Amino acid sequence: MNVKQVKEEFRLKAAKEPEKYFATDILKQEGFQRKQCHCGKYFWSIDSNTCGNPECSGGFRFIHNSPAKNKLDYVGVWKEFSKIFKKLGYTPIDRYPVAARWRDDTDFVQASIYDFQPYVVSGAIEPPANPLVVPQFCLRFNDIDNVGITGAHNTGFVMIGQHAFVQQKQWDQNSYFSHILQWLTHGLKLPKDEIVFHEDGWAGGGNAGVCMEFFSRGVELGNQVYMQYEQTDSGFKELPLRVLDMGMGQERNAWFSQGTETIYDATFPEVITKLMKITGYKKDADLLKKFTPLASLLNVDEAENIEKAWKDIAKEIGLSTEELKKKIIPLSQLYSIAEHSRSLLVTLNDGVLPSNVKGGYNLRVLLRRSLGFIEKNKWDISLPDIAEQHAKVVKALFPELKENIDNVAEILEFEKRKYLETSKRNREIIKKIVQKNIDTKKMLELYDSQGITPDELKNEAEEINVELKIPENFYALVSELHEKSEQKTQTKKEEKLDIRIEPTKILYYDHYDYVQFDAIVLKIIGNKVILDRSAFYPTSGGQMNDEGTINSCKVIDVFKQGAVVIHVLEKVTFKENEKVNGKINIERRTQLAQHHTATHIINGVSKQILGKHVWQAGAAKTLEKGRLDITHYDSLSNEQVKQIEAKANEYVKKNLPVYKTMMARNIAEQKYGFTIYQGGAVPGKQLRIVEVAGLDVEACGGTHLDLTGDVGEIKILKTTKLQDGVVRIEFTAGKATDSIKNLEQNIIGNAKKLLYCSAEEIPGRAKELFEKWKLIVKKGKDTDALLTSTEKFSGDIIEETAKILQTQPEHIIKTLERFDREIKEK
């Protein structure tokens, strides 16, 4: 069954036995009666004869006429809610980052329960408090086209969560329900006869149950979900842990209590006032009073014909469609800029950058949409200034936004420059394109590949009298193109064997130099051996596997299947249940550990120098070099590269301790925060935390040195912008750096000798040699070609250059170019 079918099944179950699923005793005690609406839905009210849905109850009826006696501003909603619930025994906690890096199934948090999935909900780890309440900022991109125009939609919003995770015998649904009723009657000071409760089914994430939605005057204020069942192949099974999942929109409750025209006027009125002042736009109060109750008819997801909806609203108000659009659309665009800039502020602060892939693509959509409105209307609006105003408004709620505003402003300015450059480049392309027949598929392709917005196409089409129909849900269609996510750099070797065996005890976690051990052979499958304990590192986390021997049998590969380490041998000369001795190649292990520890140092230093938006996007560590992909909006300048390299080597010279500790996931998150998830989601109840003292803390299973001083010199070979928002840093550490420096000096030294052999002949021939080297390196020819083409020259330089070409072709080009400059100077 799909989610919709599951919800319907539970709705029908609850309808037959409401006493089993809902807090009916409390409802009856408070004077509520169970009724059935003409739409078929069961609801509870004191005197209403229809359910709370706007379609049944007559739309939004709270605008300029809210029944809430307590008029709460946006931050005030959370302050009042948390105060009430703290007295009721709940612990208010800080929000989680909007980037859900602890999960591998989503880019962003979309509801407060996301904070606790999958580990808390499944009972694997303890929650940070129990019960708790949280003001969780969430992102959803399915309503982009509705933002601004309906007055009710957001891409970013705070879901206030009321959560409890208890055993079945501790489950007290009457209490949980009475607590939310207390919020409505004491927090909002809402008369009980203004409240309507809906019975409904609920499903999501493989779980199911029932829920009680609460409405007033046509608006849903929140939804209390009772997560009770797990959906399995054989049907529904009761969860060992009962989960309370109440979600309530902070924006929605502020809007309802104030009764303003739109949700934006209640959520960030200071920002709206600032935008009105900058643009000189004047609200038509009389028009808005008539328009806002009808604005929901322009919801692109529900209206069958948007143009007809505009005509119907215009007729109702007494204006022509053109007049209505002329007055309303600029205001909706100002609202959109205000709303989008807040979503961007929080997301950029939490370390996600606009890009052309994954969740970053949707951020770019918000940016382009906002900048497009600004450009179209010729408004002098600065997105960094608007973001700063937002940060001031919510400082009491989210102080971190104000602390990091300079970094956010820098990113927004960079994106604006890119947008303007793209717009200028696209003008000539657009002139040619609009003369052809452009369908929706082509529009999406143009937006996706070249950043050409539908407004740009429409403006040009109007100039040459070409009719162009833009789909009303254009930005929702754009988001759908990028729903599937993939990790940019993932190094994990896994081969599926038919094994049912205890997890392997890992011996390299505490000490990288643990390179000799005894173990018992549990299973042999061909040339693959499983031991009860092992110090061999399997290929994972971007790091190559260890090599060595088991009882003198050569280990050629190591990989992991689940929690079991599997050793691949050239041949096997022992049997199952025998005791064996393992020895690891210490030189290989040390070099890989140097590169892995250097990766953490460079990552931490990059965050210090470039900003808090830097996160690890991928990594690889081989014997020859390390590679770190970081999130950054621009290519690195030579000066930034020098700063990162110098700072990294400062931390090496400080000889700081590198701590490695096994910790419960919830304890690690509470102690260090969510920056521990640098390489993506890490499974398991227990995490291995690697801390470079005072610099970097990450959940990591790799081999690490005990002191930063053992890393040796770090040398950055080159940096490359892989894609929007991701920069690759390639580097060496320890012996690999020594080898590179020796080879560089050998090349330059031997080349200089050639220069002084003959003033007439050698410089020309040396330059000829350089050009051949450069050509061979860039074309990736076999190293033998180098030996053949340069056989008349120094044997040492040929041999050393041949070695380096096999491992560092791009880097050696830089060395040779430096040599070329010296030739010219001489």
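Modeller: By salt bridge I mean a side-chain nitrogen of Lys or Arg within 4 Å of a carboxyl oxygen of Asp or Glu. Mind that this is a predicted model, where local features need pLDDT of at least 70, side-chain atom pairs count only at pLDDT 80 or more, and totals for chains, interfaces and linings use all residues. Residues are numbered from 1 along each chain as its sequence is written, and side-chain values use heavy atoms, with hydrogens and water left out.

The count by that rule is 23 salt bridges. One of them joins Arg-34 to Glu-199, with the closest N and O atoms 2.7 Å apart. That pair ties together distant parts of the chain, strand S1 (residues 33-36) and strand S6 (residues 196-204), 165 residues apart. (Strands are DSSP runs of E, at least two residues; helices are runs of H or I, at least four; both are numbered from the N terminus.) Glu-199 is buried at 4% relative accessibility, while Arg-34 is partly exposed at 28%. Here buried is under 20% relative accessible area, exposed is over 50%, and partly exposed is in between, with a 1.4 Å probe and protein chains only.

Asp-546 and Arg-589 also meet in a salt bridge, 2.5 Å from N to O. Asp-546 sits in the loop between strand S13 (533-534) and strand S14 (548-550), and Arg-589 in helix H20 (residues 586-610), 43 residues apart. Both are buried.
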